[in-house]
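I'm jotting down what I looked up, entry by entry.

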Amino acid sequence: MIYLQVLANGVVLGGLYAAIAVGFSLVWGVLNVINLLHGSFIILGAYVAFFAYSLLGVHPFLSAPIAGLILFAIGYSLQGTVINRVIHAPVLMTLTLTFGLDLLLNNAMLLAFKADYRKVVLDPPLGSIFVGPIVLPLDRVAVTALALLMTYGLYRLLRDSKLGRAIIAIRMDREAAALMGVNVLRMQAMTFAIGAFMAGAAGSLLSIIYPISPLNSITFLGKAFVICVIGGLGSVGGAIVGGVALGLIESLTALWFGPEYAVPISFALLVAFLAIRPTGLLGRRGYE
Amino acid sequence: MSALLQIERVSRTFKGLRAIDDVSLSINTGEIVGLIGPNGAGKTTLVNLVTGMHPATAGRVRFMGQDITRLAPNRIAELGIARTFQVVQPFPRMSVGDNIAAGALFAGGAGSLTAARQRARELAQQVAIDDLFDQPAATLTLARRKRLELAKSLAMTPKVLFLDEVNAGLNPAEIDDALRLISKISQSGITIVVIEHLMKVVLSISTRLIVLHHGQLIADGPPQDVVRDARVAEAYLGKRYAEASRRAPA
Amino acid sequence: MRMVVILVILAACLAALVFGGNYALRLATIFAMYATLALSWNIIGGLAGYPSFATAAFFGLGTYASAILQSSGMPMVFAWLLGGIIAAGFAALIGLAILHLKGHYFAIASLALVEVVRELVNINDRLTGGGMGLNLPITHGSVTQQAVYFLGAMATLALITLLSAAAVQRGKLGFALRCIQQNEDAAVMLGVNARLYKAAAFTLSAVFPGIAGGIYASWVHYIDPSDVFDILLSVKPLVMVLVGGLGTLFGPVVGAAVFLGLEEAVWRSFLTVHAAVLGALIVALILFLPNGLMSIARRLPKAGQA
């Protein structure tokens, strides 16, 4: 019986995890840039929700799109001014650049928001529901449902909109896309901005579950890494599979070994996946 | 003549697609074999399979009696199978000399870097690129890069040398030079397999022709027989033209 | 030009030893440590072209291995060396598993190593003290005597690392790594045993940071996971090498000196924003000087000729 509860806990986190990782995966897959700012983007989104709620009383579910848009603007301008300049440089350069940018942003957040851990405490709290013997905290269920909805929205955007098709075209063949009239520079900035939007909105949602501080941006960045590698890089489906997988890994390791093992085991799995099956569980690449 | 390299019923599939389909052939010491076939026939795949880059999914490859099917590419190179690439693959920021020396050092049995560079100098002379010995390889023209590829392979002191489209992109005069060079290499005792999609180019120097089509071996024999083979004509010209050309002389 | 830079650095070190007092001794020790880390990273990252972020894992492993060995009674210097060997063995094993990965995938796998090892150290608190950290046996002698002793140890290590790096650069290993860096497939086809050479490079990039970790632990008397597995320990060496010039012999040493100078200046004047300033420096470096400071030095005489 305990397993049912543990599985439910894992799945309930999975949707949120998918939303945390999908923007990271998009940027990596399309631009071939590992965005080490992603964790700080998430935290910044969470702060938007925190202040919107504590100062203005706006519910995090409503401020999520606003947080997304703020991050979208930041992402768009960062890509346009800085990241695009090294987008064809070797991995080492792009990684180091985003690391440097993250040091800047994270330090700025530390100065602005202090290192204290904060959390959105909803008043009144959402409570829990019981499904047979399983307890489901409603806040987590709602967050995961909204996160999945957002992720699905991104999927439809990529599949059905002109913008989405242009992004996919760049992912497949940058030169050919340019020849077909796609404004590559603009679309690259859009891709990065959409990745930042997803980070900001997901951060906003998770502010009611997790305590946040500039110090734990690295935790969420780490989760995004694990999800992308385990699920399979470069597809929305991969992020969802990886998100649920990470949720399950975390709740199962907590049950078997204790919660302190969740991080080392998920990272050990990441290394194992890279070594043995670098394409991830879904086993294919691309945002087709 | 003894069989130096034996390919026994090998296949190679990529995601369900059969790029090489149950091919058997052998290469004998001292031959110059022309391996031909239309684009996409599987010629380069066969070379990749022999050299261990993409090992066979079925069948066996033997070299001097030893099973090399599953050997690592660098081991196969050390044993004496060298190749050039269709798309030339120099180390762009290394000098021409060091490019060649790499072959001598890692597969050619040169005992030291100095010995390897010494050997590189001789080979650079042999293929006439010694004037650019200290230049970065990236600065070479295509024709010279092809010769650099050749020198790199020769530095490995191979027993068999696969030349993958060494003539592609060269003008007629350069092709003549290249063919002369190939004959000279053959005379030095190295067995050669020339991969070409243009039959004309290899006809003049090959002692035997092997034809691949859709991953299958469709002809293997002396050049004069192979060029008259109906299936070969069909593969190259398409069915209708092949029939037409057969009717015409009749 | 190159010799001048080296002589200036050496002279500065000597001056520090003679006149500088404890602050300068500390700086010189950190410089030797940074140079060791940068020279080591350059073997895998610069020569072989594999963007490793594992330096912090090797360093941290070295600190904990030698600290635990010392507390179980092993003499200090032996513990340092054994710590290096443990880090190297770890690198060799992991290297065989992850060195077939390219680009981002390798970078991430190496980054994840740091997290895994750090968390394992955190969890095994009976052995490591967990998040509380670990105290090391107190060394004898006055403050200055100790400072001189550890500077000597770290400088000796840096020198050995430099000599090893020089031997690698001139030898068959360095030649193989350059081939791998420029075109790995072609290198393998030429008979280069890429698996072996990459594992050797990765192992070499671990052994010296492992020993440096041991010396560092003895020097500061106290270690904890967030300090010795700090991801900055992986990134700083890489930035130093980028400053000095990828794949060059003395570039990492010059880079370490420049980086340390900037870091000290920043630390002293902008304590609360030092991470941001470091970040800005990194961004500026990547955007404006991707080939390192040495590229300016190389460009200047050419401009003079023209």
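I call two residues in contact if their C-beta atoms, placed from the backbone, lie within 7 Å. The model is predicted, so I keep in mind that local features need pLDDT of at least 70 and side-chain atom pairs count only at pLDDT 80 or more, while totals for chains, interfaces and linings use all residues. Residues are numbered from 1 along each chain as its sequence is written, and chains are lettered from A and ligands numbered from 1 in the order in which they are written.

**Chains A and C.** I found 34 residues of chain A in contact with 34 residues of chain C. On the chain A side, helix 4 (91–113), helix 9 (217–231) and helix 11 (262–276) each supply at least two residues; helices are DSSP runs of H or I, at least four residues, strands are runs of E, at least two, and both are numbered from the N terminus. Helix 4 of chain A gives the largest share, 15 residues.

**Helix 6 of chain A.** Which residues of helix 6 (residues 162–172) of chain A are buried? I get Ala166(A), Ile167(A), Ile170(A) and Arg171(A), where buried takes 20 or more other C-beta atoms within 10 Å of the residue's own, exposed 12 or fewer, and C-beta atoms are placed from the backbone.

**Sheet in chain B.** I noted an open sheet of four strands, order 2-1-4-5, with antiparallel pairing; pairing takes at least two DSSP bridges. Strand 1 (residues 3–14) and strand 4 (residues 58–63) of chain B pair over five bridges, and Ile7(B) stands opposite Val61(B).
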